[in-house]
Amino acid sequence: MTTPLAEEIRTLIAAEGPMPVSRYMALALGHPRHGYYMTRDPLGAHGDFTTAPEISQMFGELLGLWAVASWQQMGAPDPFRLVELGPGRGTLMADALRAARLVPGFGAAARIHLVETSPVLTVTQARTLASQASAASWHQRIEDVPDGPALVLANEFFDALPIDQYVRTAGHWHERRVGMDAGGRLAFGLDPAPSRAAQLLAGHLPPAPDGAVLEHMESGPARALAARLLAQGGAALIVDYGHAGGFGDTLQALEKHRFADPLAAPGAADLTAHVDFSALARIAVAAGLKAFGPLEQGDFLARLGLAARAERLKRDAPEATRAAVDAAARRLAGTGDADMGRLFKVLVLAHPDLGAPPAFDLSEEFCP
């Protein structure tokens with residue numbers, strides 16, 4: 001299957017040579033006319049993937065309660081910025097705000113800000129939040145959110161940021177690039193010159209064998225977030241699938257809930273990579289913040305009261321509803337291959353004046 005964006009990328013490669021994986025990802029996801037997120041709502045049964053907020057209201061509600069507890073820990077500032085990065089359909093924010101009504105002062109103090117680049121999803125978010133947040137604001141970048149203390153929610157945001165990849169070959173790191181094969185099809189290859197940048201990136205890791213893949217996430221948004229929290233105060237809750245550092249090729253494409261070839265149809269399939277939580281935490285700590293975690297999503301939700309919330313939803317409900325609630329709780333926090341409890345991790349970045357964030361303790365502070 002070819003796509004209009006594939007033709008543009010081939011033209012670029014013919015003129016400029018093979019491109020870094022990060023540039024390919026940025027084009028595939030964010031090209032202004034043909035980018036994946038510019039043209040569709042990718043979520044749900046008729047899309048390409050499903051996120052935790054779409055599985056159950058419990059996820060957003062528990063994150064909303066986390067935000068309330070964190071706001072109180074900050075001294076209940078009024079006003080403050082409640083920010084979501086990559087808000088999907090707005091479901092998480094709507095569920096969080098509904099749960100936060102338990103503490104009326106939180107909703108009165110919150111100013112809602114959504115960081116979103118997709119025009120399609122922006123329309124959906126506005127519709128979802130119409131009854132929950134009458135004065136929400138939208139921004140293209142974290143840097144565009146107005147000043148003030150902030151609580152930031154980021155669920156499956158960092159996995160969609162472009163990454164660079166490097167492959168260990170004959171004792172040296174070489175950058176993986178996207179070029180064309182003899183038939184004109186997009187194909188991976190290696191820059192023949194060793195990469196000094198990769199050598200520096202791998203300096204904190206164990207020695208790597210030939211064939212190892214090193215990934216490096218585009219860190220601009222992480223650095224902007226860290227600088228914002230240090231200067232203005234607050235905390236960020238990051239939930240995503242990923243790992244705590246190391247080697248491995250995690251670039252993947254999803255189409256219709258199935259894995260696909262990342263180079264087969266740029267612009268028509270979602271591209272993601274597993275988040276390196278250690279790298280995120282190191283960026284935050286280097287900026288002057290504290291980081292806590294990563295904690296497995298199942299443990300995090302359990303500490304926030306997932307079981308009690310599920311029991312409340314099942315009370316006086318018909319059998320079918322009770323079974324659906326149990327299935328959703330298992331999907332969110334279970335340890336099976338199809339569950340999210342272990343694969344997904346939770347990291348909190350916090351201003352140094354704050355103590356351990358809700359659901360964490362001081363022993364879980366990240367130490368580089």
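In this predicted model, strands E7 and E8 make a hairpin with five residues between them, and Gly 184 in its turn has a positive phi of about 85°. Helices (H or I, at least four residues) and strands (E, at least two) are DSSP runs numbered from the N terminus, and two strands are taken to pair if DSSP finds at least two bridges between them. Local features need pLDDT of at least 70 and side-chain atom pairs count only at pLDDT 80 or more, while totals for chains, interfaces and linings use all residues. Residues are numbered from 1 along each chain as its sequence is written, and side-chain values use heavy atoms, with hydrogens and water left out.

**Strand pairing around E7**

- Strand E7 (residues 172-180) and strand E8 (residues 186-194) run antiparallel and are joined by six bridges; within this pairing, Gly 179 has Ala 187 in E8 as its bridge partner.
- E7 is also joined to E6 by four bridges, again in the antiparallel sense, and here Arg 168 stands opposite Trp 173 in E7.
- The hairpin of E6 and E7 has two residues between the strands, and Ala 170 takes a positive phi near 50° there.
- Strand E1 (residues 19-20) pairs with E7 as well, antiparallel and over two bridges, with Pro 20 standing opposite Arg 177 in E7.
- Strand E6 (residues 163-169) pairs in the antiparallel sense with E9 over five bridges, and the bridge partner of Gln 165 in E9 is Glu 215.

**The open sheet E12-E11-E13**

- Three strands, in the order E12-E11-E13, form an open sheet with antiparallel pairing; its edge strands are E12 (258-260) and E13 (270-272), each of which pairs on one side only.
- From one strand to the next the twist averages 40°, where axes are lines fitted to C-alpha atoms (for helices over the stretch in contact) and angles run from 0 to 180 degrees between N-to-C directions.
- Strand E11 (residues 252-255) pairs with E12 in the antiparallel sense over three bridges, and Ala 253 stands opposite Ala 260 in E12.

**The second largest pocket**

- The second largest pocket holds about 490 Å³ of space, and of the 30 residues that line this pocket, the closest to its centre are Glu 215, His 216, Asp 276, Ala 279 and Arg 282.
- A pocket is an open set of points, on a 1 Å grid over the protein atoms alone, with protein on both sides within 12 Å along at least five of seven lines, whereas a cavity is a set of points where a 1.4 Å probe fits but cannot get out; lining residues have an atom within 4 Å of a point.
- Grid points are joined across faces, edges and corners, and a volume is the space filled by probe spheres set on the points.
- Helix H8 (196-201), strand E9 (213-217), strand E14 (275-276) and helix H10 (277-287) each supply at least two residues of this lining, with H10 giving the most, five residues.
- By class, the lining of the second largest pocket has 15 nonpolar, 10 polar and five charged residues; Ala, Val, Leu, Ile, Met, Phe, Trp, Tyr, Cys and Pro count as nonpolar, Asp, Glu, Lys and Arg as charged, and the others, Gly among them, as polar.

**The cavity**

- The structure holds one cavity of 30 Å³ or more, and about 40 Å³ of space lies in the largest cavity.
- Val 83, Leu 85, Ile 142, Val 145, Ala 150, Val 152, Leu 225 and Arg 228 line the largest cavity, and the elements that give two or more residues to the lining are strand E2 (80-85), strand E5 (150-155) and H9.
- This lining has seven nonpolar, no polar and one charged residues.

- Met 93 has its place in helix H5 (residues 91-100) and is buried, with a relative accessible area of 0%.
- Leaving aside neighbours within four places in sequence, Met 93 is in contact with Leu 82, Val 83, Glu 84, Ile 112, Leu 114 and Leu 129, contact meaning heavy atoms within 4.5 Å.
- Leu 230 lies in helix H9 (residues 220-232) and counts as partly exposed because its relative accessibility is 35%.
- Not counting residues up to four places away in sequence, Leu 230 touches Ala 287, Gly 288, Leu 289, His 351 and Pro 352.

Terms used
Buried means under 20% relative accessible area, exposed over 50%, partly exposed in between (1.4 Å probe, protein chains only).
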